[in-house]
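Subject: Structure handover

Hello,

Here is the structure you will be taking over. Please look through the sequence and the model first, then read the notes below.

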Amino acid sequence: MSWGVIRDLLAKSASNGLLFVAKENGKYLGLASVAIYNRKDIPNWSDTWMIDEQVAETKFLVVSAEARGRGIGSALMDAVDRELATRNVRDHLIGAIEPN
């Protein structure tokens, strides 16, 4: 994935209030980026899974190597879950790439 595509995804998440950043003493430790889709815009998902009117997808969950093992990723995902609950989004898709 090129930097331009990633930058655009992060900017869209940020503009929708769905970019979560972990910082400590001014240093970035990690981030989570989420998108929310309407079911009508993703018809083939509802053929595979029963989903509500809206479904969230975690696009990125990144924690710096030196911050791993400190619960940063869990804290970011807790923030994501809280935000999705305020938006009444109950379905959340998270994928992983093997090397991660």
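The notes below go from the overall fold to single residues.

This is a predicted model, in which local features need pLDDT of at least 70 and side-chain atom pairs count only at pLDDT 80 or more, while totals for chains, interfaces and linings use all residues. Residues are numbered from 1 along each chain as its sequence is written, and side-chain values use heavy atoms, with hydrogens and water left out.

Overall fold

The protein has 3 helices and 4 strands, in the order α-β-β-α-β-α-β from the N terminus. Helices (H or I, at least four residues) and strands (E, at least two) are DSSP runs, numbered from the N terminus. Along the principal axes, the C-alpha atoms fill a box of roughly 45 × 30 × 30 Å. The accessible surface is about 6,900 Å², and carbon and sulfur atoms hold 52% of that surface. Such areas come from the Shrake-Rupley method with a 1.4 Å probe; for residues, only the protein chains shown count as cover.

Of the 100 residues, 31% are buried. Buried means under 20% relative accessible area, exposed over 50%, and partly exposed in between (1.4 Å probe, protein chains only). Among contacts with a separation of 6 or more, 53% join residues 24 or more positions apart; a contact means heavy atoms within 4.5 Å.

Strands E3 and E4

Strand E3 (residues 54–63) pairs with strand E4 (residues 91–94) in the parallel sense, over 4 bridges. Two strands pair if DSSP finds at least two bridges between them. Between E3 and E4 the chain passes through helix H3 (residues 72–86), giving a right-handed β-α-β crossover. Right-handed here means that, with the strands pointing away from the viewer, the path from the first strand over the helix to the second runs clockwise. Val 55 stands opposite Asp 91 in E4.

Salt bridges

There are 6 salt bridges in the structure, each defined as a side-chain nitrogen of Lys or Arg within 4 Å of a carboxyl oxygen of Asp or Glu. Side chains of opposite charge can pair when their charged atoms come close.

One of them joins Asp 52 and Arg 90, at 2.3 Å from N to O. Asp 52 sits in the loop between helix H2 (43–48) and E3, and Arg 90 in the loop between H3 and E4, so the pair ties together parts 38 residues apart in sequence. Asp 52 is partly exposed at 23% relative accessibility, whereas Arg 90 is exposed at 59%.

Another links Glu 57 and Lys 59, with the closest N and O atoms 3.2 Å apart. Glu 57 is buried at 18%, and Lys 59 is partly exposed at 29%. Arg 7 and Asp 8 also form a salt bridge, at 3.9 Å from N to O; Arg 7 is partly exposed at 43%.

Leu 19, Val 21 and Tyr 28 make a nonpolar surface patch of about 280 Å². Patches are made of residues with over 30% relative accessible area and no salt bridge; like charges are joined within 9 Å, and nonpolar side chains (Val, Leu, Ile, Met, Phe, Trp, Tyr) within 5 Å. Leu 19 belongs to strand E1 (residues 19–24) and is partly exposed at 30%.

Ser 64, in the loop between E3 and H3, is buried at 18%. Leaving aside residues up to four places away in sequence, Ser 64 touches Tyr 28 and Leu 29.

Regards
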